[in-house]
Every structure is written in structure tokens, then in C-alpha cells.
Amino acid sequence: AATKVMMGPQKRSKVMTERDRKITAYHESGHAILHKLLPYCDEVQEVSIVPRGMAGGYTMSRPDSDDNYSTINKLNNTIASMMGGRIAEDLIFHDITTGASNDIEQATKLARKMVTQFGMSEKLGFINLGSTSEVFIGRDYQEKSVYSEATAKLIDEEVEKILKTNYEQAKQILTKHRQTSCTCRIVTKRRNSVPRRSKRCYAR
């Protein structure tokens, strides 16, 4: 029931091709391995290649504690873990798919919040740049940034730096543990869903 609420209803009518199942299995394996090996990531509860909601598969994690605050280390590890699916596709197939679109969107949003709202940028420092103002244009309202173009450029550069740094870290880990990814893919593909208690799917 909890999975249905968090991930959406299972799409029983959607038939996945063998190719899509293989890609999804490797994609989710990449996420799961990074969650296990990155020190500040939450524990994985379940890995699945069963389509739910808008997703072709999912790696579900839940925090072990009720902490109210997230550290910069945890946010960086979270971003890195979001990149695992895309990196696994690239390493295994030497090709990439559209399956990482939501991961890219969420990672970019989090990196931008780190820079503009959480004061976690080395260059910009302790400042809030997340404010916008609404401007009426024609028949609709559009958001307008309250900072200069030079600051906007610096924000983009800092966001890109966070994303690139975490991508390289994630890629190094998955390259080193490529065999674990293959094992996880086999287990996930056979069972469709792998709960946390199954140790074969996670690197040690």
C-alpha cells in the first residue's frame, strides 16, 4: 500500500519489451549501488522494474531517522545517486536513453536550491537568490529574477559545477563496481522487485 501511494499504481496493462526490461534493470541497479556505497544516502527499501505511475521502474529509499535538516554532504550524495541510472546505461550499453529525464530534472532542481536558497555555493556563499517577482505579460504572469544577468550566469556555473562533480564521483564508483551492477541486474530482472532484505543486489 505504501509503495502504491509513493510510486503510483502498478501498470498491469503495460507490457515491457525484453529490451526495456534489461535497460530498466541496469538503470535501477545504478541507483541502488550508489545508495549503498555513498555514505550519506538513505538505505534502499526496494528496487523494481515494474512500471508504476510515470516511471518504468524505481529505486525506493526511506530515511532511517526523522532528521529535519539535510547536510551539504547528504544533498551531494543524493544528487550523485540520482545520476546512477544514466551512468549505468552509458557504462553497459555505451548509449543513453530518455529514462533519466526525471532524474536530471530533480538533480538540477536540488543543485539550484543548494546555490540559491541554502547558501552552499563556494563563490556565492551565504545568500538567498531564490526570490522571484511575477510580471504580467500579455494574458499571463511570468516569473522574473530579481538579480542581475551576471549573477544568473554565476548561479548557472555553480549549479553545473555541483552536477559535474557528483557525476564524476558517481561514475568512478559504478565503473569500479560494474560487476555488482551486472549481478543486481540479473536478480532484479528475474524477480521484478527486490526488497531491502535481499543482499545479492547490493554492493558490499
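Good morning. A salt bridge here is a side-chain nitrogen of Lys or Arg within 4 Å of a carboxyl oxygen of Asp or Glu. Please keep in mind throughout that this is a predicted model.

With that rule in place, consider Arg 112 and Asp 156. Their closest N and O atoms are 2.9 Å apart, and the two residues form a salt bridge. The pair links distant parts of the chain, with Arg 112 in helix α5, residues 101-116, and Asp 156 in helix α6, residues 149-176; the separation is 44 residues. How exposed are the two partners? Arg 112 counts as partly exposed, at 32% relative accessibility, and Asp 156 is likewise partly exposed, at 41%.

Lys 161 is partly exposed, with a relative accessibility of 40%. Glu 122, by contrast, has a relative accessible area of 69%; because the cut-off for exposed is over 50%, Glu 122 counts as exposed.

A local example comes from helix α2. There, Glu 18 forms a salt bridge with Arg 21, and the closest N and O atoms are 4.0 Å apart. Both residues belong to helix α2, residues 18-37, and are three residues apart, about one turn of the helix. Glu 18 is partly exposed, at 48% relative accessibility. In total, the count comes to eight salt bridges by this rule.

I now turn to the strands. β1, residues 43-48, is mostly covered, with five of its six residues buried. Its partner is strand β2, residues 58-62; the two pair in the antiparallel sense over five bridges. Within this pairing, Ser 48 stands opposite Tyr 58 in β2.

Finally, the second largest pocket. Its volume is about 220 Å³. Which residues line the second largest pocket? Among them are Tyr 40, Cys 41, Asp 42 and Glu 43, together with Pro 63, Asp 64, Ser 65 and Asp 67. The lining also includes Tyr 69, Ser 70, Thr 71 and Lys 74. By class, the lining has four nonpolar, three polar and five charged residues.

Thank you for your attention.

Terms used. Residues numbered from 1 in each chain as written. Predicted model: local features only at pLDDT ≥ 70, side-chain atom pairs only at ≥ 80, totals over all residues. Heavy atoms only, no water. Helix = DSSP H or I, 4+ residues; strand = E, 2+ residues; numbered from the N terminus. Buried < 20%, exposed > 50% of the residue type's maximum accessible area, 1.4 Å probe, protein only. 1 Å grid on protein atoms, 1.4 Å probe; cavity = no way out; pocket = protein on both sides within 12 Å on 5 of 7 lines; lining within 4 Å. Points joined across faces, edges and corners; volume = space filled by probe spheres on them. Nonpolar A, V, L, I, M, F, W, Y, C, P; charged D, E, K, R; others polar. Pairing = 2+ DSSP bridges.
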